[in-house]
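Please examine the fold shown below. The report is arranged by region.

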Amino acid sequence: MSQSRILLVVGGGIAAYKALELVRLLRKASIEVQPVLTSAGAHFVTPLSLAALAETPVRSELLSLTEEARMGHIELSRSADLVVVAPATADLMAKARHGLADDLASTLLLATDKPVLMAPAMNVRMWLHPATQRNAARLLEDGVRFVGPDDGAMACGEFGPGRMAEPAAIFAAIQSLLDRAAGPLAGRKAIVTAGPTAEPIDPVRVLTNRSSGKQGYALAAALQALGAEVTLVSGPTALAAPPGVVRLEVETAEEMLGACRSALPADLAVCVAAVSDWRPHAPARSKLKKAPDQEAPSLRLVQTPDILAALSAPGPQRPRLVIGFAAETEALETNMAAKRARKGCDWIVGNDVSQPGIMGGDANRVVIADAQGMERWPSLPKVEVARRLAARMAAALTEEPEP
Ligand SMILES: Cc1cc2nc3c(=O)[nH]c(=O)nc-3n(C[C@H](O)[C@H](O)[C@H](O)COP(=O)(O)O)c2cc1C
């Protein structure tokens, strides 16, 4: 990480003093820092303190006679590996969300082609205001990453969310973004499906299964840690989306297929979700009622779309690597080999869900079927299975020549 370079925008908030500690941590890790101080920011920390800690002059003027002879603001916006805004004030977030560019900081945020990390810091009411929440949500959609804000006591005497994340936490977020940028899957897109599907029987009842989504979510996090841009297409689960992963929430198999198609093109598709094979033919429009002397209703089922087969079908949109998971309760390896041939995918990762603790549990014992044969792994925590699978996928994508 010794060559990494950060462009650090310091906005006009009380938390600007913490930016000084952040600069110290970055320099200690041999990361170069180019500070940019807004004019409001200069009321909270001095350019001299920032420059001394960063060991480089601070930039603050957009319309500078000396710096702009060679379009310095554009050069500056591209010169770093990562742009960090700390503190990200309500004002800076609003400007960035709308693409305003009336000073050096906002112009850099609009002109940069590098990832942006914001550490919001403001009064609790300012943070919770619908306008700020709209701005944060839109910036997230635009690809901006966030660290914090934390909950806690504020300089204004109030308590709640809005406190800037501590410098050590911002430093850790920077490190993980820099690691991702240098990861083997940097610049690659991955789709991961996870969780169960829920097929409606009537407005209140669904046909679903015991999948917790843990393995798929762990895999999405592991792929994103290696640098991939991950879209997680998730059925209903109780899990939080891994930070930095785009989650599309769906219920039915049909919706899951639609969401996967909307995320194409991708380099890699991993179908971990336990998709219902059938759905009720015609879900009732109102809740089915039971009457004492009436026979129980019977459900006529029809097949749901085959998402793995659809993503594996040859064509220009087919991801280079398509992987399916198979949950079997008997003849695991025979069924896996048959499934791989039938679906046209590259690998099948099989697990014997008749073993207690696999469905919904934290450990998994998998077998991988690919063109070379079967690879059997011991029982491992699902997070470790995910980490090893992500590394195997990265190796396959980087070794295999581009078509
Ligand atoms: C004492 C004081 C503290 C302030 N603290 C914050 C703050 O923590 N967060 C924030 O969003 N705005 C804060 N403001 C308001 C900003 O300074 C103001 O919106 C400014 O225009 C932001 O400039 P910037 O876009 O350069 O960050 C504070 C203002 C004052 C006077």
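The sections below treat the domains, a sheet and its helices, a helix, a strand and a loop residue.

## Model and domains

The structure is a predicted model. The protein is divided into two parts, domain 1 spanning residues 5–181 and domain 2 spanning residues 189–399. A distance of 39 Å separates the C-alpha centres of domain 1 and domain 2.

## The five-stranded sheet

Five strands form an open sheet in the order S2-S1-S3-S4-S5, and their pairing is parallel.

Strand S1 (residues 5–10) runs parallel to S2 and is joined to S2 by six bridges. Within this pairing, Leu-7 has Gln-34 of S2 as its bridge partner. Two helices are placed against these strands. Helix H2 (residues 47–54) lies across S1 and S2, and runs at about 170° to S2. Helix H8 (residues 167–181) packs on the sheet, where H8 touches S1, strand S3 (82–88), strand S4 (116–120) and S5. The direction of H8 makes about 160° with that of S3.

## Helix H4

Helix H4 (residues 90–98) has as its buried residues Ala-90, Leu-92, Met-93, Lys-95, Ala-96 and Arg-97. These buried residues pack against the strands S3 and S4 and against helix H5 (104–111), helix H6 (124–128) and helix H7 (130–141). After H4 comes Gly-99, which has a positive phi near 75°.

S13 pairs with strand S8 (residues 189–194) in the parallel sense, over four bridges. S13 is also joined to S16 by four bridges, and these two strands run parallel. Leu-268 takes part in both pairings: Ala-190 stands opposite Leu-268, and Leu-321 is the bridge partner of Leu-268 in S16.

## Thr-329

Is Thr-329 buried or exposed? Thr-329 has 10 other C-beta atoms within 10 Å; a residue counts as exposed at 12 or fewer, and Thr-329 is therefore exposed.

Thr-329 is located in the loop that links strand S16 (321–328) to helix H12 (332–343). Leaving aside residues up to four places away in sequence, Thr-329 touches Val-353 and Ser-354. Ala-395 lies 66 residues from Thr-329 along the chain, and the C-alpha atoms of the two are separated by 30 Å.

Conventions. Residues are numbered from 1 along each chain as its sequence is written. This is a predicted model: local features need pLDDT of at least 70, side-chain atom pairs count only at pLDDT 80 or more; totals for chains, interfaces and linings use all residues. A residue is buried if 20 or more other C-beta atoms lie within 10 Å of its own, exposed if 12 or fewer, and partly exposed in between; C-beta atoms are placed from the backbone. Two residues are in contact if their C-beta atoms, placed from the backbone, lie within 7 Å. Two strands pair if DSSP finds at least two bridges between them. Axes are lines fitted to C-alpha atoms, for helices over the stretch in contact, and angles run from 0 to 180 degrees between N-to-C directions. Domain bounds come from an automatic or database domain assignment.
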